[in-house]
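Here is a short note for a colleague opening this entry for the first time. Please read the points with the structure in view.

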Amino acid sequence: IILKSNKNLLKDLSALVKSINTGVIISPITPDQIEKISSFFVPVEKNKDQIMEERDKCIGWTEPVEPGTSEHFIYTIWRECPEVQTMVPLILWTEDYTTTIIDVRLSISRLKNICLKFKAFQFKDLLNYVLWVINELGKISNKSIKGFRLNHLVKLNDAKSQKQKGLSVTQYLTGQFEKNRPEIMQLVKDCSQACDDVIEEMVKISTLIPTATSKLFSILNTLKMPNARKEFIEGITPLSITLRNDLLSVHKELNQVDSEIYFVGGIAYDHNIYKDKPIYKDFELSWLSLVKLG
């Protein structure tokens, strides 16, 4: 039924064979057509035995097959495309990958922009003021701190006013900044929204990297096979190089973002003195270091 509604597949069989064997879609073949025929050759659990039986039958067939028929189509693909079960999913994945890698790079750019916002002077002023308020509140117990991790800010919700029921330090600070420094509160809101957006996009990154790495290993293992065809090697090698370079580039960019987040987050290590134990670095010095680093 599928072949009857896609008669050009029978007519352009040689282009289809070349597309499958090289891993590069040759005109007039389209990704949609590759997807439609995948069920003929790529097994799932329920039809695995049936497809493998058909494959063995086609490879061992010695009698003539009438050209232009469905039987000839199936027979030709099995005989001339020995790696069809590997190549069809790879071709389909490659088409999706091209779009996904663009989205991933955009997500990483947004992560970098968020880090820049957290390094803005307005944000520094906000955190210094929070630090001052915390130390003022701690004078009663003779406690003073020099810095804190950003995720500790949520603990300010636990500190409640004794004079005004239900008023937390967070709510008090928010009110003060809304009134006196609205530009700082706008920065906080922008950072919050940007973080929410990127968290959703991080799913693409966490899905793409292991999948792409797995595909790259699959390609390399196929290239190393002693019976790898010349046309396959010539067609798939550029893709494997691009894939490897993309993964290395994304890895490098994510490491840079990770370092930014780690540093802005407020934890520093002095391995000579504290070995692997984290310490809180002086808050003002942390920001001065950021300024010096640009």
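Predicted model: local features only at pLDDT ≥ 70, side-chain atom pairs only at ≥ 80, totals over all residues.

**Points to check**

1. Take arginine 105 first. Its relative accessibility is 27%, so it counts as partly exposed. Its partner in a salt bridge is glutamate 253, and the closest N and O atoms lie 3.2 Å apart. Glutamate 253 belongs to helix α11 (residues 230-264) and arginine 105 to helix α7, so this pair ties together parts 148 residues apart in sequence. Glutamate 253 has a relative accessible area of 17% and is therefore buried, since the cut-off for buried is under 20%.

2. Arg105, Lys112, Asp246 and Glu253 are linked in a network of salt bridges. Over the whole structure, a search finds 8 salt bridges. Side chains of opposite charge can pair when their charged atoms come close.

3. How far apart are the N and O atoms in the salt bridge of arginine 181 and glutamate 183? The distance is 2.5 Å. Arginine 181 is partly exposed, at 29% relative accessibility. Glutamate 183 is partly exposed too, with a relative accessible area of 37%.

4. Look next at lysine 230 and glutamate 234. They form a salt bridge, with the closest N and O atoms 3.9 Å apart. Both sit in helix α11, and because they are 4 residues apart, about one helical turn separates them. Are glutamate 234 and lysine 230 buried or exposed? Glutamate 234 is exposed, and so is lysine 230.

5. Now the surface charge. Which residues gather in a patch of negative charge? They are Glu45, Asp49, Glu53 and Glu54, and the patch is on the surface. Glutamate 53 is placed in helix α5 (residues 48-59). Its relative accessible area is 59%, so it is exposed; the cut-off for exposed is over 50%.

6. The largest nonpolar core has 61 residues. Within this core, Leu16, Phe41, Phe73 and Ile77 touch the most other members. Helix α7 (residues 84-118) supplies the largest share of the core, with 14 residues. In soluble globular proteins, nonpolar side chains tend to be buried together.

7. Helix α7 also holds aspartate 103. This aspartate 103 is partly exposed, with a relative accessible area of 25%.

8. Inspect the loop between α3 (13-22) and α4 (31-41), where proline 28 lies. The peptide bond from serine 27 to proline 28 is cis, with omega near 10°. Most residues other than glycine have a negative phi, and most peptide bonds are trans.

9. Valine 24 is in the loop between α3 and α4 as well. Its relative accessible area is 40%, so valine 24 counts as partly exposed. How far is the C-alpha atom of valine 24 from that of threonine 94? The separation is 9.3 Å, for residues 70 apart along the chain.

Key. Residues numbered from 1 in each chain as written. Heavy atoms only, no water. Patch = residues over 30% accessible without salt bridge, like charges linked within 9 Å, V, L, I, M, F, W, Y side chains within 5 Å. Areas by Shrake-Rupley, 256 points an atom, 1.4 Å probe, with all protein chains shown as cover. Salt bridge = Lys/Arg side-chain N within 4 Å of Asp/Glu carboxyl O. Lys, Arg positive; Asp, Glu negative; His and termini not counted. Charge placed at Lys NZ, Arg CZ, Asp CG, Glu CD. Helix = DSSP H or I, 4+ residues; strand = E, 2+ residues; numbered from the N terminus. Buried < 20%, exposed > 50% of the residue type's maximum accessible area, 1.4 Å probe, protein only. Core = buried A, V, L, I, M, F, W, Y, C linked by side-chain atoms within 4.5 Å.
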